[in-house]
Structures are given as C-alpha cells and as structure tokens.
Amino acid sequence: MSKDHLDILKRALQREKLARKASEKILEEKSRELYQTSQKLQELLNETSLQLQGVFENIVDAYVVMDVNGNMLKFNEAATNLFGYNIDKESINVENLIHVEDYDYAMASFAQLVTKGYFKNYEARIYTKTKEVKWVHINASLIRGKDKRIIAAQGIVRDITDTKRINEVVKE
C-alpha cells in the first residue's frame, strides 16, 4: 500500500473515531434527558395518584369501582358504611345489592352505561349487608383501557333514603 493511500485511510479512521465519539456523546446526553423526563413523569404520576387517593378517601358520597362482571373492586369508606361490606375481606357482586323489584330497571340502566358510557340520576333501592333496604341515587361512567376496551365502571352513590321518606310524609 502506498503512503498516500495509508494517510487517507488514517484520516478516514480518525474522522470515523471522532464521529463515533460525537454520536456517543449525543446518545449519552439524550439518555440523560430521557431519564430526567422519566423521573419527572414518575413524580407527576405519584403526585396525581396521591391527589386522587385523597379525593377517593375524603369524598362524602360512596364511591364504587366494579369490574365488567359486577364484582366490586374498590369502595371508599362512605361506600363501606353505606353497604356494610368490607370488600378487602369479602367479595360482593352488584347483583347482591339490587332490590328484587328494581332488577329490570337496574339491568336497563347497566345496558345504557355500556352503550352510552355513562348514566345519570339513577334512583333505586338496594340491600345492605344486613338486608336493610335503602334508596340510592347513582351517577356512573365506564373506565376504559388504552385500547378503548371497557375494563371497569365507577360510580358515585348517594344515600337518599331519608329524602324519600320525607317526601312520602309530605305527600301523605
């Protein structure tokens, strides 16, 4: 190989080394930025989760999350007090709560929930764990996954038993 050819190859190799080092530096810098962004996102997620947990625990009305089969997944304290169940220790399905005379109405409302994605101003009777009958007002919506598939339903449940009784007394 000639000296000129060797010099050309050396310069090309040197340029390649410099380009690789520059690329490695850029990659390292972008990796650091990505890591920092990931950390910030994790902090935001944790902060938002804590805020939502605070809302969940402090809301006055019952808050309920159930799977698509009606199995209760999550109750706040107000829901535990209203229904009488501790879902951390016992499983409960929504069908066990529906008053027998309101079953068809409940199923029609559930169908509306699935088709529209929500229902509002549902009023019906429920059974508590002690088989006490209570009137409730419910607003509910679906929870969907990233693929838009229904994964659960959530609802705010307000005990309106006293209001119903007062209205009956006034009506009489």
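Author: What follows is a set of labels, each put next to its rule. This is a predicted model, where local features need pLDDT of at least 70 and side-chain atom pairs count only at pLDDT 80 or more, while totals for chains, interfaces and linings use all residues. Residues are numbered from 1 along each chain as its sequence is written, and side-chain values use heavy atoms, with hydrogens and water left out.

Reader: Let's start with the rings. Why is the pair Tyr 105 and Tyr 122 called stacked?

Author: Rings of Phe, Tyr and Trp (its six-membered ring) pair if their centres lie within 6.5 Å, and planes under 30 degrees apart count as stacked, over 60 as edge-to-face and the rest as tilted. The count by this rule comes to 3 aromatic pairs. For Tyr 105 and Tyr 122 the centres are 4.8 Å apart and the planes sit at 15 degrees, so "stacked" it is.

Reader: What makes this pair a tie between parts of the chain?

Author: Tyr 105 lies in helix 3 and Tyr 122 in strand 3, so the pair ties together parts that are 17 residues apart in sequence. Helices (H or I, at least four residues) and strands (E, at least two) are DSSP runs, numbered from the N terminus. Tyr 105, Phe 119 and Tyr 122 also form one aromatic cluster.

Reader: Which residue lies over the face of Trp 135?

Author: That's Lys 164, at 4.5 Å from the ring centre. The rule asks for NZ of Lys or CZ of Arg within 6 Å of the ring centre and within 35 degrees of the ring normal. Lys 131 lies over the face of Tyr 127, at 6.0 Å from the ring centre.

Reader: What else is there to say about Lys 131?

Author: Lys 131 lies in the loop between strand 3 and strand 4. Its relative accessibility is 54%, so Lys 131 counts as exposed. Phi of Lys 131 is near 70 degrees, a positive value in a residue other than glycine. Lys 148 also has a positive phi, of about 70 degrees, and sits in the loop between strand 4 and strand 5. With a relative accessible area of 61%, Lys 148 is exposed.

Reader: Why is Thr 128 called buried?

Author: Thr 128 has 3% relative accessibility, so Thr 128 counts as buried. Thr 128 lies in the loop between strand 3 and strand 4. Not counting residues up to four places away in sequence, Thr 128 touches Leu 82, Phe 83, Tyr 85 and Lys 134, where contact means heavy atoms within 4.5 Å.

Reader: And how much space lies in the largest pocket?

Author: About 430 Å³. On a 1 Å grid over the protein atoms alone, a pocket is an open set of points where a 1.4 Å probe fits, with protein on both sides within 12 Å along at least five of seven lines, and lining residues have an atom within 4 Å of a point. Of the 28 lining residues, the closest to the centre are Met 66, Met 72, Val 94, Phe 119 and Ile 138. Helix 3 gives the most to the lining, with 5 residues.

Notes: Grid points are joined across faces, edges and corners, and a volume is the space filled by probe spheres set on the points. Buried means under 20% relative accessible area, exposed over 50%, partly exposed in between (1.4 Å probe, protein chains only).
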